[in-house]
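This report walks through one protein chain, from single residues to the chain as a whole. Please look over the sequence and the structure before reading on.

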Amino acid sequence: MVQAVGISRGSALAATQTAPSHWSRLWLVALIYSVVIIAALLILNRHAMDYVGPDNDDMMRLVEVRDFLGGQGWFDMVQYRLGLNGGTLMHWSRFIDLPIASLIAFFRLFLAPESAEAAALTVWPLMLVLPLMFSMGLAGRRIAGTEGMHFSLGLTALFILVSSRFKPGSIDHDNVQLGLVALTVAMLADESYRPRNFVIAAIALAIALGIGAETTPFVAVACMAVAGLWAWDGEVFAPAARAFALTLTIAVSAAFFALVPPHLYSAVTCDNLSLGFYSITSIGGAGLLLSALFASRLPRPWRLAVLVANGAVVFATTLAIAPQCLRNPLADLDPLLVQLWLNSVSEAQSILALSHHQPETLGAFYATGFMAIVICIFRMMRGERARLHFVLLALVGVNWIIALVQVRGAEFSNLLAIPPLALLLAELRRISAADTEDVGAAFFYVAATLLSAPAVWAVGGALANNGVANSFSAPVAKAEETGQCISKDALAPLAGLTPGVVSAPSNMGSPILRFTPHRVLSGPYHRDQGGMLTELHIGLAEPKEAEAFLRGAHVTLLAFCASDPQVEEVSKLKPDGLYAQLSQGHVPAYLQPIPTAAKSDVQFFRFMPAD
């Protein structure tokens with residue numbers, strides 16, 4: 001069997017094995033691409049009005065980092081200024097807080113505090129470009145040689161430029177997760193099964209799990225793919241399987257004990273690394289390690305049976321310890337929050353919702369991932385490097401399926417689609433170059449290159465939906481995009497007031513925490529259900545009833561922005577409610593207006609109960 005497998009992979013290995021000197025060349029090429037991309041990102045964002053990204057998560061991350069630098073403990077993940085009394089236990093990771101806080105502390109040595117923040121938040125996402133480019137270049141070269149490397153780097157460069165994740169100020173964890181996913185693919189694309197590559201992949205998966213639950217399905221499928229390779233190839237793959245399984249078990253244990261405070265060791269949460277994901281991953285890793293040690297010489301049918309038994313043990317563990325993690329972590333959201341918040345979150349939309357409201361975006365989110373899936377299936381059916389394409393199919397497919405439910409998964413499936421597409425483009429280029437007079441070959445090569453870029457699908461969708469003139473005209477600015485409700489100037493009247501409790505729409509929560517010393521009831525985070533529901537009930541209730549809600553939540557200030565999307569939705573839903581009345585200029589007696597700038601859309605009120 002060893003000889004047979006070696007023969008079947010021989011041609012692939014000849015194309016992908018690299019001499020040590022090629023490593024420095026890859027670094028140089030990736031560095032050149034990265035420098036160009038970083039320069040382009042800086043130029044494209046030179047007119048940015050704020051050094052923090054526009055996403056609520058970017059602002060909340062900065063608030064969390066500030067608290068960490070201010071002395072909040074490593075294990076203390078409570079955001080004390082968010083939600084009802086006592087604060088909100090956040091599900092984010094210190095693995096991201098630490099490097100950002102370190103950059104800010106470094107720049108504070110020679111810059112003013114705000115300038116240090118601006119420098120750190122500019123540098124951090126740009127620092128992540130090079131490792132992502134190197135990983136994608138390595139994946140492309142291992143799969144399709146030098147040509148594949150350049151196709152992979154070119155498509156990744158375009159991916160970065162059109163994404164918001166690597167722009168200055170983007171400090172949410174998605175950019176790091178993208179880099180870890182790319183590193184994992186590059187390591188698993190090693191068809192020579194060198195153990196060190198699988199060690200690196202295991203470490204990347206453990207860190208990704210420690211950063212956030214978004215990549216949990218990817219981590220699970222990557223582990224299953226490695227286990228599948230062991231079951232199929234046995235002794236040939238055993239050293240890599242042992243290295244992967246042992247490293248994964250150790251690394252996820254290290255992440256668990258590094259991130260989870262002792263008093264929460266027994267708690268099971270499904271939106272971050274807790275006992276649930278830790279037990280499932282470590283037991284699965286231990287099972288694969290034992291299998292690789294003692295069952296690798298068994299015939300293939302027996303290895304497959306061992307694999308099924310391991311899967312049954314992992315599934316039983318899941319049912320025993322974390323059955324709730326088999327469903328959507330947001331499944332327990334209150335229906336009111338689903339209606340007035342989650343259904344309006346753009347990255348949480350399903351393909352069905354997009355097909356109704358934004359059909360022109362479907363190509364950009366789903367086309368390249370689907371192309372990669374079809375290519376992998378086709379190559380597997382033809383027996384062309386079937387093991388490699390099995391792994392690629394699994395990794396692209398799981399994220400593409402996630403994107404069908406929540407479009408946020410499309411960013412990962414689009415990135416992971418690049419390696420199989422790079423192999424296709426390298427082959428089409430060679431076919432076209434072999435016969436320069438073959439117009440058909442040239443056409444297919446150019447067409448495939450264009451269709452491999454989600455940006456091309458996005459432009460095509462916009463053109464089909466709006467026409468040429470409208471697609472390239474300046475878009476109409478919305479309140480939430482121009483910062484009329486959440487800018488520093490708009491919130492300035494709050495900054496100088498005695499710290500209190502502010503009731504405000506959830507979109508204003510993170511900016512208020514950033515720019516003022518107050519606590520806010522509501523922020524767009526599912527762990528703040530109590531605060532979000534209280535704020536919504538305040539806005540929906542008739543003014544007299546709203547007074548009771550305000551008093552019960554110990555609110556001292558109310559911030560109101562009529563152009564906020566949530567306020568508009570609440571006002572339509574309950575025309576007699578407080579938000580609708582305030583939109584019409586009807587201010588109840590218990591709300592005392594606070595002077596604001598003449599052109600501001602935001603109104604502030606002191607809550608002055610009658611008794």
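E191 is buried, because its relative accessible area is 8% and the limit for that label is under 20%. The model is a predicted one. E191 is located in the loop between α8 and α9 (195–211). Its side chain makes a polar contact of 2.5 Å with the side chain of R385.

R385 itself sits in another loop, between α16 (362–382) and α17 (386–405). Is R385 buried or partly exposed? With a relative accessibility of 24%, R385 counts as partly exposed. R385 also has a positive phi, about 50 degrees, although it is not a glycine.

Y193 is found in the loop between α8 and α9, the loop that also holds E191. The phi of Y193 is positive as well, near 60 degrees, and Y193 is a residue other than glycine. Y193 is buried, at a relative accessible area of 8%.

**Salt bridges**

Side chains of opposite charge can pair when their charged atoms come close. In this model the count of salt bridges comes to 21.

| Pair | N to O distance | Relative accessible area |
|---|---|---|
| E147 and R429 | 2.5 Å | E147 21%, R429 37% |
| R165 and D174 | 3.2 Å | R165 12%, D174 10% |
| R379 and E384 | 2.9 Å | R379 6%, E384 26% |

The salt bridge between E147 and R429 has its closest N and O atoms 2.5 Å apart. This pair links distant parts of the chain, with E147 in helix α7 and R429 in helix α19 (residues 418–434), 282 residues apart. E147 counts as partly exposed, and R429 is partly exposed too.

In the pair of R165 and D174, the side chains meet at 3.2 Å. R165 is buried, and D174 counts as buried as well.

R379 and E384 form a salt bridge of 2.9 Å. Here R379 counts as buried, whereas E384 counts as partly exposed. Salt bridges with shared partners also join R165, D174, E347, R408 and E411 into one network.

**A loop serine and its contact**

One member of that network, E411, has a further partner. The side chains of S163 and E411 are joined by a polar contact of 2.9 Å. S163 lies in the loop between α7 (129–162) and α8 (174–188). Does S163 count as buried or exposed? S163 counts as buried, because its relative accessibility is 6%, and buried means under 20%.

K488 lies in helix α23, which covers residues 488–495. K488 is partly exposed, with a relative accessible area of 47%. Which residues does K488 touch, leaving out those up to four places away in sequence? They are E114 and F515. K488 and F515 are 27 residues apart in sequence, and their C-alpha atoms are 6.4 Å apart in space.

**A nonpolar patch**

On the surface, L28, L31, I32, V35 and V36 form a nonpolar patch. Together these residues have about 450 Å² of accessible area. One of them, V35, is placed in helix α3 (residues 20–44). V35 is partly exposed, with a relative accessible area of 49%.

**The chain as a whole**

The secondary structure of the protein chain comes to 28 helices and seven strands. Its radius of gyration is 26 Å, close to the 25 Å that the globule rule gives for 611 residues, so the chain is as compact as a globular protein of that length. The C-alpha trace spans about 85 × 60 × 50 Å along its principal axes.

What share of the 611 residues counts as buried? The share is 52%. The protein chain exposes about 26500 Å², and carbon and sulfur atoms supply 66% of that area. Among contacts with a separation of 6 or more, residues 24 or more positions apart account for 70%.

How values were computed. Residues numbered from 1 in each chain as written. Predicted model: local features only at pLDDT ≥ 70, side-chain atom pairs only at ≥ 80, totals over all residues. Heavy atoms only, no water. Patch = residues over 30% accessible without salt bridge, like charges linked within 9 Å, V, L, I, M, F, W, Y side chains within 5 Å. Areas by Shrake-Rupley, 256 points an atom, 1.4 Å probe, with all protein chains shown as cover. Salt bridge = Lys/Arg side-chain N within 4 Å of Asp/Glu carboxyl O. Helix = DSSP H or I, 4+ residues; strand = E, 2+ residues; numbered from the N terminus. Buried < 20%, exposed > 50% of the residue type's maximum accessible area, 1.4 Å probe, protein only. Polar contact = N/O pair within 3.5 Å; in protein donor to acceptor, adjacent residues only side chain to side chain. Rg over C-alpha atoms; globule rule 2.2 N^0.38 Å. Contact = heavy atoms within 4.5 Å.
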